[in-house]
Amino acid sequence: IDLRENLGGDFAALLRALSPFYCQPTLVGYIDAPRRPGTEPQAFPNSIEPNDQFAILETAKQVMLITYEGYGCYRGSLTILVDENTGSSAEIFAQALQESGRAKVLGQRTKGEVVMSMWYDISYLLGPGYSMSIPEAAYSTVQNAQLENTGVLPDRELYYHLYDEVHGRDSWLEAVNSGK
């Protein structure tokens, strides 16, 4: 699975994509938003409707990311490629499968820009073009790994090789296919 340059996106799409690799509903992590008013943890809905998603993300202190039932079952081997431009839910995807032992992650450390941050304009203090990002929530895996600012650490680092690239080959795919 090639997640290079994948900036992530929708949590429901993430959980739908993960579901076939777990074969049954499985908790893969948590979104914690300590300033939210809710008290009870809630499962993320299987809905791509923005209003359904925002309703839970804006009220729950803790949202459980649990894969969904009915998306098939794949038990084969997996290799996931990530790079410094892999972010958000793509990072959660890679980390979840890596932690579960279902996949090897190869490539470069990911962005470490996982969940909701608010950008605040501070140009009135420092001048034009300055802003500050403050996380509104944090993602943690079931093994309590924090991906924000850290990213996903690959099982093996890969580097591009000029020879392969000049000859029209992706050196990372070559490394995966050759087992090197």
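A polar contact, as I use it here, is a pair of N or O atoms within 3.5 Å; within protein, one must be able to donate a hydrogen and the other to accept it, and residues adjacent in sequence count only if both atoms are side-chain atoms. My helices (H or I, at least four residues) and strands (E, at least two) are DSSP runs, numbered from the N terminus.

**Entry: ground rules**

I'm working with a predicted model, where local features need pLDDT of at least 70, side-chain atom pairs count only at pLDDT 80 or more, and totals for chains, interfaces and linings use all residues. I number residues from 1 along each chain as its sequence is written, and my side-chain values use heavy atoms, with hydrogens and water left out.

**Entry: helix α1**

I began with the N-terminal end of α1, which Asp 10 caps: a side-chain oxygen of Asp 10 sits 2.8 Å from the backbone nitrogen of Ala 12. Next I checked the length of α1.

Then I asked how many residues of α1 are buried. For me, buried means under 20% relative accessible area, exposed over 50%, and partly exposed in between (1.4 Å probe, protein chains only). Nine of the twelve are buried, so I noted α1 as mostly covered. Among those buried residues are Phe 11, Leu 14, Leu 15, Leu 18 and Phe 21. Their cover includes β1, α2, β3 and α3. Just after α1, Cys 23 takes a positive phi of about 70°.

**Entry: the disulfide**

I found one in the structure. It joins Cys 23 to Cys 73, with the sulfurs 1.9 Å apart. The link of Cys 23 and Cys 73 is right-handed, with 80° about the S-S bond. What does the pair tie together? Cys 23 lies in the loop between α1 (11–22) and β1 (27–32), and Cys 73 in the loop between β3 (62–66) and β4 (79–82), so the bond ties together parts that are 50 residues apart in sequence. Cys 23 is partly exposed at 25% relative accessibility, and Cys 73 is partly exposed at 45%.

**Entry: the nonpolar cores**

I take a nonpolar core to be a set of buried Ala, Val, Leu, Ile, Met, Phe, Trp, Tyr and Cys residues joined through side-chain atoms within 4.5 Å. The largest one has 35 residues, and those with the most contacts inside it are Phe 11, Phe 44, Leu 65, Ile 80 and Leu 97. At least two residues of this core come from each of α1, β1, α2 (50–57), β3, β4 and α3. Its largest share, seven residues, is from α1.

Leaving aside neighbours within four places in sequence, Leu 65 is in contact with residues including Phe 11, Leu 14, Phe 44, Ile 92 and Tyr 139.

How much of α3 is buried? Eleven of its twelve residues are, so α3 is mostly covered. Those buried residues pack against α1, β1, β3, β4, β5 (104–107) and β8 (138–141). Gly 101 follows α3 and has a positive phi, near 80°.

Thr 86 is in the loop between β4 and α3 (89–100), and I have it as buried at 0% relative accessibility. The side chain of Thr 86 reaches the backbone oxygen of Leu 3 at 2.8 Å and the backbone nitrogen of Asp 83 at 3.0 Å.

**Entry: salt bridges**

I counted a salt bridge wherever a side-chain nitrogen of Lys or Arg is within 4 Å of a carboxyl oxygen of Asp or Glu. The structure holds four. Arg 4 and Asp 2 meet in one of them, at 2.6 Å from N to O. Arg 4 is buried at 13% relative accessibility, while Asp 2 is partly exposed at 41%. Glu 113 pairs with Lys 111, the closest N and O atoms being 3.9 Å apart. For Arg 169 and Asp 164, the closest N and O atoms are 3.4 Å apart. Salt bridges that share partners join Asp 2, Arg 4 and Asp 170 into one network.

Notes:
Disulfide = S-S within 2.5 Å. Contact = heavy atoms within 4.5 Å.
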